[in-house]
Amino acid sequence: MQSKPVTLRILDIASIIVLGVSAYIALFVAPTELVMGDVQRVFYFHIGTAWTALLGFILAAGFSVIYLITKNLLWDRLQVAAIEVSLVFFLITIVLGSIWARPAWNTWWTWDPRLTTAAITELIYIAYFMLRQGIDDPDRRARFGAVYALIGGLSAPITFFAIRLFRTIHPVVISGSNPEAEGAFSMTPDMRTAFFFALFAFTVIFIDLFWNRIRLGELQDKVEQLKLKVTM
Amino acid sequence: MINKVTDVKPMSSSHARPSGNFIKAVAAVLWKDLRAEFRSRELFSALLVFSLLIILIFNFALELDIKTRQSVNAGVLWATFAFAGTLGLNRSMAIEKDRGCLDGLLLAPVDRSAIYFGKVLSNLAFMLIVEIIVLPIYSVLYNVNLFLPGLLLVILLGSIGYVGVGTLLAAMSVQTRTRDILLPILLFPVVIPVLLAAVKASGGILAGADLTEILLPINLLIAYDIIFIAVAFMVFDSVVEE
Amino acid sequence: MFFQETTPDTSGYMIAGYTIAFVVMGLYVLSIYLRNRNLSQDLTMLEELDETAAETEMRSADQRKKNLMKPGDKKQANL
């Protein structure tokens, strides 16, 4: 197995650094929010992971289309990496969202459009991996994965809009679509810094993990191929 | 027992327009399924009994007074259809695979998407037949008139969306090791917009709500049906190729 | 002037949140690392197996060549 490219090694270190800096800014530089207190600080990581995960899922849907057209397994490898990392990030998003909800609205879960869609989306991509696990042939696995990631990627935004449009009878704590609207806090400049830095940090971390995961996928493919060859 | 696909003529011998052949292929697949089912009726009776049992379970699960129950009629109906639907989809595809019909169909010189549409129509037919029988039974059990044209339309549109995506996903899940269990796991998260809109629209119709309130979810159903059937039509090839 | 509500102390939740975020990310990095290590070990082992298989293949090919030559020599000797 080829050793890690220098760029990746640098990226690894850079990711750890930006993560640390982002946490520092979020915890110590940003001011304490008035109405809900310190728990609001999870918002920075919540948004950071959310935005990158969503991009990851959209990217994955794009990889689906490219794979189905080119049938080149490289795109399948990219897709698996994107979905896996996004899945982990989105899990953090959901948990942080729940932790934020508890003191803010006195409930561990709100069935608001975002959180609900997030849970459904998470389930879709867990199902994605369960689908792949049940298939041994790499080509079929790639095809089926691509189809499902595409279907899932299309249905998630539709679900979001559907819930937003139709679930008005529920005691929605969110006015409009902005969860920040309740316990609405307008951001001070320092908060904005924390916010944007978190976005930046998690993008870097995502790329790092994504690249590492792709290399893992290459290794996996090599081992699988060699296994077949040796056992023939 | 392999059902012969005898109604499909090879393209070279017939000078029919390609679209005519396509429709013939779709009809052949549909007719094959319907004929097989009329003979054995095993799928159909299973679906029916299962649906009635689900309604029974809901009766005990949601012990409601008459007033509150009215607000959940739509939900119970659609939950029933969703669960029974997976049963139908699973069996329908499993039969194809087990009897080798799928391979036979794939050998025929027809566009793969014709197989998709044929299966969708036959799955839809089964689902609609079951629903048509469940409706009067539910109406009687809960003393609510379900035979409103709006409601029937919503049931049709919702079933189309459900079966459109379900057929594609069932075609995949039947080829995995986990088979039956996998279909609901794949299908339910993705079909939530259908359930959401269908329940909203059904509930609105049963409660006699404004037309504007009902039109919005119905429009979503139509949009969903079109989008997903189009996508499934395009990718079905990748799902059944060997 | 106006009586201001004191800001609630929700730092416990904050700590929980950040801990979970770091733990989950840490576990994921660990998972990638472990999978990488296991697969690398598998790869080295498989490569060894592949080499031994290749060697055995070469040796048996040589053997076959020798076997082919022997009967020919005998004939020549008999003549």
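This is a predicted model: local features need pLDDT of at least 70, side-chain atom pairs count only at pLDDT 80 or more; totals for chains, interfaces and linings use all residues.
Let's begin with chain A. Its secondary structure amounts to 6 helices and 0 strands, so that reading from the N terminus gives the order α-α-α-α-α-α. The C-alpha trace of chain A covers about 65 × 45 × 25 Å along its principal axes. Of the 232 residues in chain A, 45% count as buried. If you take the contacts in chain A with a separation of 6 or more, 77% of them come from residues 24 or more positions apart.

Now pick out helix H3 of chain A, residues 73–105. With 33 residues at 1.5 Å a residue, H3(A) should span 48 Å, and its end C-alpha atoms lie 46 Å apart, which agrees. Of those 33 residues, 27 are buried, so H3(A) is largely enclosed by the rest of the structure.

Both ends of this helix have a backbone detail to look at. Lys71(A) is not a glycine, yet its phi is positive, near 60 degrees.

Within H3 of chain A you will find Ser98(A). This serine has 20 C-beta neighbours inside 10 Å and therefore counts as buried. Setting aside neighbours within four places in sequence, Ser98(A) is in contact with Trp108(A) and Trp109(A). Arg143(A) gives a sense of distance in the chain: it is 45 residues from Ser98(A) in sequence, and the two are 35 Å apart in space, C-alpha to C-alpha.

Let's move to chain B and see how some of its helices pack. Two packed helices are described by the angle between their axes and the distance between the axes. Take helix H6 (residues 149–173) and helix H9 (residues 211–240) of chain B, whose axes are 9 Å apart at an angle of about 25 degrees. Because that angle is under 35 degrees, H6(B) is roughly parallel to H9(B). Their crossing is left-handed. On the H6(B) side, the residues that meet H9(B) include Gly150(B), Gly158(B), Gly161(B) and Gly164(B), along with Val154(B) and Leu157(B). Among their counterparts in H9(B) are Ile218(B), Leu221(B), Asp225(B), Phe228(B) and Phe236(B). By class, this contact of H6(B) with H9(B) has 18 nonpolar, 4 polar and 1 charged residues.

H9(B) also packs with H8(B), their axes coming within 8 Å and crossing at roughly 150 degrees. Since this angle is over 145 degrees, H8(B) is roughly antiparallel to H9(B). The crossing of H8(B) and H9(B) is left-handed. H8(B) brings residues including Pro193(B), Ala197(B), Lys200(B) and Ala201(B), while H9(B) brings, among them, Glu213(B), Pro217(B), Leu220(B) and Tyr224(B). The residues of this contact divide into 12 nonpolar, 1 polar and 2 charged.

Asn143(B) lies in the loop between helix H5 (112–142) and H6 of chain B. Although it is not a glycine, Asn143(B) has a positive phi of about 55 degrees. With 10 C-beta neighbours inside 10 Å, Asn143(B) counts as exposed.

Finally, let's bring the chains together. Contact between chains B and A involves 24 residues of chain B and 24 residues of chain A. On the chain B side, the elements giving two or more residues are H6, helix H7 (182–190), helix H8 (192–206) and H9. H9(B) gives the most, with 9 residues. By class, this side of chain B has 19 nonpolar, 3 polar and 2 charged residues. Chain C touches chain A as well, with 26 residues of chain C in contact with 30 residues of chain A. The chain C side divides into 15 nonpolar, 6 polar and 5 charged residues.

Note on methods. Residues are numbered from 1 along each chain as its sequence is written. Chains are lettered from A and ligands numbered from 1 in the order in which they are written. Helices (H or I, at least four residues) and strands (E, at least two) are DSSP runs, numbered from the N terminus. The expected span of a helix is 1.5 Å times one less than its number of residues. A residue is buried if 20 or more other C-beta atoms lie within 10 Å of its own, exposed if 12 or fewer, and partly exposed in between; C-beta atoms are placed from the backbone. Axes are lines fitted to C-alpha atoms, for helices over the stretch in contact, and angles run from 0 to 180 degrees between N-to-C directions. Angles under 35 degrees count as roughly parallel, over 145 as roughly antiparallel, 65 to 115 as roughly perpendicular and the rest as oblique. A crossing is left-handed if the near helix is turned anticlockwise from the far one by less than a right angle, and right-handed if clockwise. Two residues are in contact if their C-beta atoms, placed from the backbone, lie within 7 Å. Ala, Val, Leu, Ile, Met, Phe, Trp, Tyr, Cys and Pro count as nonpolar, Asp, Glu, Lys and Arg as charged, and the others, Gly among them, as polar.
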